[in-house]
Amino acid sequence: LVHWMQQANYKLAVERERNRQLAEMRETLFRELQHRVSNNLQLVGALLSLQRRTVADERAARSLDEASRRLSLVGRISRSLYDSETGRHRLEPFLRQLVRDILQASGRDDVRVTLDIGCDPDLPPGASVPMALVIAESVSNAIEHGLAERSDACIDIHVMPEGKGGMRIEIADNGCGLPAGFAVEQADSL
């Protein structure tokens with residue numbers, strides 16, 4: 001009976017080690033996949049930027065610039081989101097890095113950004129990506145459209161708890177505001 005139990009324990013230890021090695025291999029493959037995906041996104045963004053040099057139409061050139069910028073930003077977001085340790089991220093450092101990346105991509109170093117974080121939950125990647133894209137688009141639009149003519153440009157980002165485990169994010173700027181007669185239902189842009 002003792003010999004049989006020792007064999008069972010040995011087999012269990014061997015199986016546990018095999019499972020640990022498989023989990024480690026899966027994690028390594030996942031990290032490599034994420035690394036390649038973000039590299040490919042940034043490569044496509046760079047190719048669009050190169051293609052832009054051959055386009056004479058200014059509207060098409062701006063569209064290629066915007067697509068290139070967005071792809072590069074998504075690549076950087078993707079790279080920063082997939083933490084191999086936990087897969088979760090603290091909101092404040094994540095937002096600070098995201099805003100730095102957006103400002104760097106815009107070429108504006110005169111925009112003052114304040115973050116008021118009233119809650120700091122862990123963010124799973126499933127929530128982080130769409131939130132990052134919405135914030136990136138909002139901040140980019142503020143820089144490009146609302147703050148284009150301002151030398152004292154300022155963007156305020158407020159994060160507050162809301163409901164059960166939720167949060168509310170407000171982004172405001174001191175720019176020119178929406179044009180007269182603007183209706184979001186009739187807008188044809190992103």
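At 8% relative accessibility, Cys154 counts as buried, because the cut-off for buried is under 20%. The model is predicted. Its protein chain holds four helices and five strands. This briefing takes the fold, then the sheet, then the core and some single residues.

**Overall fold**

- Along the sequence, the elements of the protein chain follow the pattern α-α-β-α-β-β-α-β-β.
- The protein chain has 190 residues, and 24% of them are buried.
- Take the contacts in the protein chain with a separation of 6 or more: residues 24 or more positions apart account for 67% of them.

- Three strands make an open sheet, in the order 2-4-5, with mixed pairing.
- Strand 2 (112–117) and strand 5 (166–173) are the edge strands, and each pairs on one side only.
- From one strand to the next, the twist averages 15°.
- Strand 2 and strand 4 (residues 154–162) run parallel and are joined by six bridges.
- Arg112 has Cys154 in strand 4 as its bridge partner.
- Strands of a sheet pair through backbone hydrogen bonds, in either a parallel or an antiparallel way.

**Helix 3 against the sheet**

- Helix 3 lies across strand 2, strand 4 and strand 5. Its direction is at about 165° to strand 2.
- Val99 lies in helix 3. It counts as buried because its relative accessibility is 5%, under the 20% limit.
- Beyond its neighbours within four places in sequence, Val99 is in contact with Val113 and Ile157.
- Val99 and Ser140 are 41 residues apart in sequence, yet their C-alpha atoms are 9.4 Å apart in space.
- Asp101 is also found in helix 3, which spans residues 91–106.
- Asp101 is buried, with a relative accessible area of 11%. With residues up to four places away in sequence left out, it touches Leu73 and Arg76.

**The nonpolar core**

- The largest nonpolar core has 25 residues.
- Those with the most contacts inside this core are Leu95, Leu98, Ile102, Val139, Ile155, Ile157 and Val159.
- Helix 2 (58–81), helix 3, strand 2, helix 4 (125–146) and strand 4 each give two or more residues to the core.
- In soluble globular proteins, nonpolar side chains tend to be buried together.
- Ile157 has contacts beyond its neighbours within four places in sequence. Among them are Val99, Val113, Thr114, Leu115, Asp116 and Val139. Ile169, Glu170 and Ile171 are also in contact with Ile157.

**Cysteines**

- A disulfide is a covalent bond between the sulfur atoms of two cysteines.
- A search of the whole structure finds zero disulfides.
- Is Cys176 buried or exposed? Cys176 counts as exposed, because its relative accessibility is 63% and the cut-off for exposed is over 50%.
- Cys154, in contrast, is buried at 8%.

Note on methods: Residues numbered from 1 in each chain as written. Predicted model: local features only at pLDDT ≥ 70, side-chain atom pairs only at ≥ 80, totals over all residues. Heavy atoms only, no water. Buried < 20%, exposed > 50% of the residue type's maximum accessible area, 1.4 Å probe, protein only. Contact = heavy atoms within 4.5 Å. Pairing = 2+ DSSP bridges. Axes fitted to C-alpha atoms, helices over the stretch in contact; angles between N-to-C directions. Disulfide = S-S within 2.5 Å. Core = buried A, V, L, I, M, F, W, Y, C linked by side-chain atoms within 4.5 Å.
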